[in-house]
Amino acid sequence: MFKSTVLFGSEEPKGWAPWALLVPVIAILFTVISLVGGTVILRSTGLIPARGAPVLPAELAASLIVPFGLMLGLLFLWLRFVEKRSLASIGLQGEGTGKRFSWGFAIGAIMIGVTVMGIWGTGGYRVGGFAPAFATPSSLAAMLLLAVGFTVQAGVEEMVMRGWLLSAMSRKVGVIVASCTSALLFTLLHFDPDNPNLLVDAVTSILFSLFACYWAIKSGSIWGIIGWHAGWNWFQGVGFTIPVTGQQATVPALIAEMAAVGPIWLTGGEVGPEASVVCAGVLVVAGAMMMVRLKRA
């Protein structure tokens with residue numbers, strides 16, 4: 001259980017490798033510094049409203065790119081000057097990176113589509129209209145901008161949580177403890193005490209994190225799970241006019257307008273389908289399918 005494991009290649013840090021208990025603390029510091037600093041920059045420059053949440057697609061994209069861009073900078077500086085190891089050592093390696101990312105993006109989009117259809121099929125959503133985005137070409141451009149934003153956000157989250165944290169802790173305490181720590185920390189960082197559907201939301205966060213860790217470990221790369229995370233978030237936001245972890249993309253639906261009419265445990269409420277029991281079921285089934293497929297391979 002605590003057997004030291006080197007993930008994503010055999011490269012050893014040439015600098016200081018932090019103690020296992022310090023790794024999640026550093027990840028929290030990366031997150032807090034980036035989100036606070038990013039918010040200050042966004043509000044002071046007028047890229048997002050001085051008060052309240054981002055409303056326009058450009059504002060949402062900026063709120064994804066700026067803070068997570070800062071986090072990427074912190075991670076790069078840490079790897080370069082403290083641990084002195086490469087980006088390849090956190091899973092940004094392997095042949096066919098574009099193919100890995102693209103397949104992950106497609107799988108993520110399909111899985112959130114299955115989740116939304118599952119909620120609709122059980123009476124949680126009401127369809128208001130089909131593909132209104134094609135009536136306003138400007139909204140399609142906004143969707144491309146949001147694709148960049150969600151890719152930056154998802155990519156940096158995966159670099160920190162499944163790339164750096166997982167590899168740094170696995171060297172000290174093994175992949176099982178590292179994966180559980182990654183899952184618990186990811187859930188903590190998405191914790192909202194005002195969420196009335198907190199328990200289901202926490203369960204789905206843990207399931208996703210374990211799913212992501214397993215994918216990264218078995219594939220020897222984080223490119224696939226970066227694509228999955230980006231595709232899931234982007235298609236959730238632009239495909240169905242539903243919230244993405246509580247954020248609204250405010251663009252016409254690419255596929256169908258969905259309005260929540262069912263109980264919160266089914267629809268996820270203001271958080272979105274990520275906090276739905278249907279999402280938990282989809283993640284369990286997808287995780288089991290992936291384990292079977294990788295074992296056969």
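Q: Does R171 count as buried or exposed?

A: The model before us is predicted. Burial is judged by relative accessible area, and a residue under 20% is called buried. R171 has 12% relative accessibility and therefore counts as buried.

Q: With which residue does R171 form a salt bridge?

A: The partner of R171 is E12, and the closest N and O atoms are 3.0 Å apart. R171 belongs to helix α4, which covers residues 137-173, while E12 lies in the segment before α1 (22-44). The pair thus links distant parts of the chain, 159 residues apart. E12 counts as partly exposed, at 46% relative accessibility.

Q: How many salt bridges are there by this rule?

A: The count comes to 3 salt bridges. One of them joins the side chains of R85 and E83, at 2.5 Å from N to O. R85 is buried, with a relative accessible area of 6%, and E83 is buried as well, at 2%. Another salt bridge is formed by the side chains of E158 and R162, at 2.8 Å from N to O.

Q: Where do E158 and R162 lie?

A: The general idea concerns the helical repeat. An α-helix has 3.6 residues a turn, so residues three or four places apart point the same way. In this case E158 and R162 both lie in helix α4, 4 residues apart, which is about one turn of the helix. Both residues are buried.

Q: How many disulfides does a search of the whole structure find?

A: Two cysteine sulfur atoms must lie within 2.5 Å to be called a disulfide. The search of the whole structure finds 0 disulfides. For C180, the nearest cysteine sulfur is that of C213, 8.5 Å away. For C279, the nearest cysteine sulfur is again that of C213, at 16 Å.

Q: What span does helix α5 reach from its first C-alpha to its last?

A: A helix may be judged by setting its span against the expected value. Helix α5 (residues 175-189) has 15 residues and reaches 21 Å, close to the 21 Å expected at 1.5 Å a residue.

Q: Which residues of α5 are buried, and against which helices do they pack?

A: The buried residues of α5 include V177, A178, S179, T181 and S182. Also among them are A183, L185, F186 and T187. The buried residues of this helix pack against α1, α4, α6 (198-219) and α7.

Q: At what angle do the axes of α4 and α5 cross?

A: Two packed helices are described by the angle between their axes and the distance between the axes. The axes of α4 and α5 come within 8 Å and cross at roughly 145°. The crossing of α4 past α5 is right-handed. On the α4 side, the contact involves residues including E157, M161, R162 and L165; on the α5 side, those taking part include V175, V177, A178 and L189.

Q: What lies in the loop between α4 and α5?

A: G174 has its place in that loop. With 0% relative accessibility, G174 counts as buried.

Q: Which residues of α6 and α7 meet?

A: F208, F211, A212 and W215 in α6 meet G224, I225, W228 and H229 in α7. The axes of α6 and α7 come within 8 Å and cross at roughly 145°, and α6 passes α7 in a right-handed crossing.

Q: What is the value of phi for F8?

A: Most residues other than glycine have a negative phi. F8, in contrast, has a positive phi near 60°. F8 lies in the segment before α1 and counts as buried at 6% relative accessibility. A131 also has a positive phi, near 45°. A131 is placed in the loop between β1 (125-130) and α4, and counts as partly exposed at 26% relative accessibility.

Terms used. Residues numbered from 1 in each chain as written. Predicted model: local features only at pLDDT ≥ 70, side-chain atom pairs only at ≥ 80, totals over all residues. Heavy atoms only, no water. Salt bridge = Lys/Arg side-chain N within 4 Å of Asp/Glu carboxyl O. Helix = DSSP H or I, 4+ residues; strand = E, 2+ residues; numbered from the N terminus. Buried < 20%, exposed > 50% of the residue type's maximum accessible area, 1.4 Å probe, protein only. Expected span 1.5 Å × (residues − 1). Contact = heavy atoms within 4.5 Å. Axes fitted to C-alpha atoms, helices over the stretch in contact; angles between N-to-C directions. Left-handed = near helix turned anticlockwise from the far one by under 90°.
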